Amino acid sequence: MATVSAPDLPPSSGPLPVAPRATAWVVARTALIVFLVLLGLALAGFTALLGAGYYLSRSTSGPAPAAFENPDSLRAENLKIGKKIEKLRPKGLFLVVDTGKNRLTVHDGGRVVREVVVSCGSGGVLEDPKGGRSWVFDTPRGERQIKSKVKHPTWIKPDWAFIEEGEAIPKNSNDRAEEGVMGDYALGIGNGYFLHGTLYTRLLGRNVTHGCVRIGDADLEYLYKNVPLGTKVYLF
Amino acid sequence: MQRVVVPVLLATVLMGTTASPARSADDARSLWRENRRLQAEAVLAATPKPYFELDLEQRLVSLKTRGMVLLEVPVQEQGIWGRRLAVGPTSVVRRDALARPAVAIGDEKNPSSLDDQLLELADMPATYRLGLAGEVDIEVLPLATGRWPLWRQRLSVWRWRLMRPLVTLRQRRDRHETTAIFLILKPEDAQRLYWTLFEGLDGILIPPR
């Protein structure tokens, strides 16, 4: 029976030097493969999910009807409707009020002939402390027309004007009249709303009114002299 | 020479015959979409009220009255997912609320005291949600400025693009599918749009093809 005595062993005894490297390499290689496979699966899954989601859930225009069959009749109909809309388009002299930018533009014959800085509604809410009434100070939007033109207008103060100033609402209607606060001219656009002058010209360009459109003196005079009754006013 | 010319001619003829029906179908589709838009507009333009046009094909939101454009806002970036839409009429049924200022019983001669009583364009939000009739949800975001905010916005848009299909699939499973749209606008345009699109405003929705 052969025995190996301790002194016969090499000076640095233990496992062979190649073995740990091989094990580490196998582990690293396996880990890399697993990582790549997982990464590939994740990417494939992600792409599939994205693609499926995209094609299944992308919203576009709906299916086309049988009208496709006769494009010529569609073309003719489109032309007809287009002409109908064209007829509705404002022509001649009209006013456009941009309540957000506080600008009034005078249009004539398809071009802007004057741009005016104005003041529109403040958007504020006034609550009547004594009752359940409330007022929202917005300038109305939509189409209106010049219904009246007044020189040296007198303001007939509504209830909210007294409430806002903390005053009692008068019983006598004569006590509601106030001269000079609306400027030299007023152009009525219906429902108690006017294009009128202001004492507070420094506030032009800001939303400070109770719904009317305030205009500076020179521009107001121009409008009074050049805009006839019945002129359309488009407010947005 | 003939060897070259004949196949080229054949290929041209073949391409012509295959492309032509597709083109005519495309033309017909365009005509049909235009027809739907015009029909919707003819109804709205006949009323004295302003109306909007959300054109996701041209990437443009406009406010019109009587067929005349009052305001146009270009869309910087957009996304649309969910239930398919057709060109047609719609209306604003929901808009993120904005608290209106209470009018103080005071004196308007002093402008500084007015500032917190006014609701002006600059006070409008640039990030908000709108709901259109037919369960269409719109998220309006302001275009980010600066390098990092822009990257953050791109990332959040991609997150939206990734997550939204999953939401749509879940909705489809639950048989309650909606349409989700996001619009990125310049901040001032987003504010203008909030000012303009109020609840109850009618309009026309034009989805992309």
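The contact between the two chains takes 58 residues from chain B and 48 residues from chain A, where two residues are in contact if their C-beta atoms, placed from the backbone, lie within 7 Å. On the side of chain B that touches chain A, two or more residues come from each of α1 (2-45), β2 (60-65), β3 (68-74), β4 (77-82), α2 (111-114), α3 and α4 (187-196) of chain B. Here helices (H or I, at least four residues) and strands (E, at least two) are DSSP runs, numbered from the N terminus. The most is given by α1(B), with 14 residues. By class, this side of chain B has 35 nonpolar, nine polar and 14 charged residues; Ala, Val, Leu, Ile, Met, Phe, Trp, Tyr, Cys and Pro count as nonpolar, Asp, Glu, Lys and Arg as charged, and the others, Gly among them, as polar.

This is a predicted model, in which local features need pLDDT of at least 70, side-chain atom pairs count only at pLDDT 80 or more, and totals for chains, interfaces and linings use all residues. Residues are numbered from 1 along each chain as its sequence is written, while chains are lettered from A and ligands numbered from 1 in the order in which they are written.

The pLDDT is the predictor's confidence in each residue, from 0 to 100. Chain A averages a pLDDT of 88, and 83% of the residues score at least 70. Over residues 1-7 of chain A the pLDDT is below 50, and this stretch has one contact in the model beyond near neighbours in sequence.

Within chain A, strand β3 (residues 111-119) runs antiparallel to strand β2 (residues 103-108), and six bridges join them; two strands pair if DSSP finds at least two bridges between them. A:D108 has A:R111 in β3(A) as its bridge partner. The two strands form a hairpin with two residues between them, and A:G109 in the turn has a positive phi of about 60°. β3(A) is also joined by two bridges to strand β12 (residues 213-215) of chain A, again antiparallel. There A:S119 stands opposite A:R214 in β12(A).

Positive phi values also occur in residues other than glycine, as listed below.

A residue is buried if 20 or more other C-beta atoms lie within 10 Å of its own, exposed if 12 or fewer, and partly exposed in between, with C-beta atoms placed from the backbone. A:H152 counts as exposed because it has 11 C-beta neighbours inside 10 Å. B:R175 has 6 C-beta neighbours inside 10 Å and therefore counts as exposed.
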